[in-house]
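Please work through the exercises below with the sequence and the structure in view. Each task is followed by a worked solution.

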Amino acid sequence: MNGVDVPTVQRRAGAVLLTATAVGLVVAALVAPTRLDELSPTAFLRLPVELLVLLGVVLALPERLRHLRALVVGGTGVVLAVVTVFKLLDVAFLQALNRPFDPMIDWRYAGSIVETVRGSAQGWLGVALLLTAAAVLLAALVLVPLAVRRTARAALRHRPATLRLLAGLAPLWLVLSLLGVHTGGVALASRAAASYVYGQVARIPSQLRDQRAFALAAATDPEHSTPAADLLTGLRGKDVLLVFVESYGRVALDDPGLSPGIVRALDSGTRELRRHGYESRSAYLTSPTFGALSWLAHATLQSGLWVDSQQRYDQLVTTRRETLSSLFGRAGWRTVAAVPANDRDWPQGAFYGFDRVYDARTIGYRGPRFGYPTMPDQFTLDAVQQLELAPRHRRPVMAEIDLLSSHAPWSRTPRLIAQEDVGDGSVYAGMPATLPSESDIWPDPQHVRAAYAGSIAYSLRSVVSFLSTYDDEDLVVVMVGDHQPATIVSGEDPGHDVPVTVVAQDPSVMDAISGWRWDPGLRPSPAAPVWRMDALRDELLAAFGPERETGTAHAEVR
């Protein structure tokens with residue numbers, strides 16, 4: 001064809017395209033934001049100083065130092081690949097937990113994240129999601145160093161052109177930086193990658209100091225010295241249930257797009273419980289976690305320490321810190337936990353001092369699974385009633401009950417049934433197949449939000465149904481959310497507050513907490529008090545400290 005070597009032209013065009021792609025990938029890795037809402041074409045229209053410095057160093061090193069040059073290029077590629085992976089994890093963590101990835105701590109969550117994804121998206125979908133995430137991270141680790149190497153080689157092959165390009169771009173970057181020129185809210189002169197790396201390294205000393213300070217706080221618990229006879233005397237004879245409602249965050253009450261059905265459930269529940277002689281008081285607690293990692297909230301409330309990371313949690317469970325359950329146990333209560341999410345042994349459970357732990361294997365459920373939730377909340381509450389509260393000749397019970405039906409992905413939320421029909425759960429056979437699945441909900445964020453609201457309303461109605469069915473004058477319930485739902489429901493930066501409610505029939509219980517000035521009813525108002533979650537343990541101990549016994553039905557305390 002007129003002397004044109006088509007294969008050669010194609011190879012050259014392919015090489016140019018590959019080099020351009022490599023340069024584009026390097027630039028994208030350097031300037032990519034760490035928040036999903038900041039991802040836009042303008043976010044990548046930036047001039048990264050790190051690339052200019054790299055090319056300048058590569059061109060400045062003479063041929064006799066080519067081994068050093070290769071080391072610089074290779075090291076830069078590895079560092080940039082790690083930074084890219086961290087940025088991708090930042091995006092994921094900000095969406096799920098409303099905070100960036102912490103490389104010193106968050107690797108500990110890997111196993112829990114895998115289990116959560118596989119439980120939430122069962123079958124091939126969960127496997128596909130995990131494989132896709134792994135492939136993206138692996139691709140970043142492999143492709144970014146290759147792109148850096150190809151960019152450096154292209155600069156060396158075209159040294160004169162690259163030098164002219166640097167001679168123009170370096171002054172341009174300096175001018176843009178000095179003038180602070182922005183487009184779409186983003187600075188055109190970028191040094192984002194360098195700042196990102198500096199930020200990751202700079203926080204290491206403070207994290208090490210935090211680790212030491214938390215260890216000291218966990219080891220110095222004044223409640224160790226409180227005599228058993230002086231603990232929780234205002235609740236003697238009472239059964240006390242600490243009920244965690246999964247993902248029950250303040251957004252469920254404050255967001256008009258979510259709240260109507262939830263508010264109706266709370267207000268009708270307040271009226272229903274009053275007909276049965278119950279009174280309730282509500283406020284807000286600030287949770288140490290957001291979107292997931294419920295065990296951090298459980299540990300915070302139980303221990304009275306701010307457990308906002310896996311590092312702190314792992315430290316805490318190795319200490320002798322008193323928990324609410326261990327304190328109730330010392331004071332004579334039988335302490336139990338209902339943890340339906342667990343389908344295996346729970347070594348950390350020993351820290352809480354429970355006399356008995358019921359999980360998905362041992363609680364007696366004979367019904368179908370509802371996606372991630374292993375069983376409906378109505379069953380979990382009913383099982384605790386039948387297994388622990390129904391027997392009359394016993395010690396009072398203190399139980400932590402972790403409800404699960406409102407766990408993400410908020411699909412296949414059960415329908416409320418008559419409490420007396422719950423039985424062993426076999427009544428639920430066939431129900432999950434009639435309910436919306438993940439594939440029905442998740443293509444549309446509005447469907448996700450609606451599904452979340454429906455699941456919270458179900459969980460709250462389950463608690464009301466339980467209390468009104470098993471009318472007990474010596475029952476005290478502390479119902480609390482563990483964390484806000486993920487940002488797809490909550491939006492950006494909605495805070496960490498969760499509702500908390502105390503319910504009881506005995507007026508003396510409400511009198512004991514009158515100084516808290518919490519709002520009457522199951523629904524806290526926007527102006528209700530807000531405490532940190534770690535304050536509740538000691539507030540309960542103070543409110544129900546040395547007084548006369550108030551219980552009558554289950555007064556045997558040993």
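Lys and Arg count as positive and Asp and Glu as negative, while His and the chain ends are not counted. The place of a charge is NZ of Lys, CZ of Arg, CG of Asp or CD of Glu. The model is predicted: local features need pLDDT of at least 70, side-chain atom pairs count only at pLDDT 80 or more, and totals for chains, interfaces and linings use all residues. Residues are numbered from 1 along each chain as its sequence is written, and side-chain values use heavy atoms, without hydrogens and water.

**Exercise 1.** State how many positive and negative side chains the protein has, and how far apart the centres of the two sets lie.

Solution. The protein has 52 positive side chains and 55 negative ones. The centres of these two sets are 12 Å apart.

**Exercise 2.** Describe the secondary structure and the extent of the protein.

Solution. Begin with the elements, which are DSSP runs numbered from the N terminus (helices: H or I, at least four residues; strands: E, at least two). There are 20 helices and 13 strands. Next, take the C-alpha trace, which spans about 100 × 55 × 40 Å along its principal axes.

**Exercise 3.** Determine what share of the residues is buried, and whether Leu141 is buried, partly exposed or exposed.

Solution. Buried means under 20% relative accessible area, exposed over 50%, and partly exposed in between (1.4 Å probe, protein chains only). Of the 558 residues, 51% are buried. Leu141 belongs to helix 5. Its relative accessible area is 42%, so Leu141 is partly exposed.
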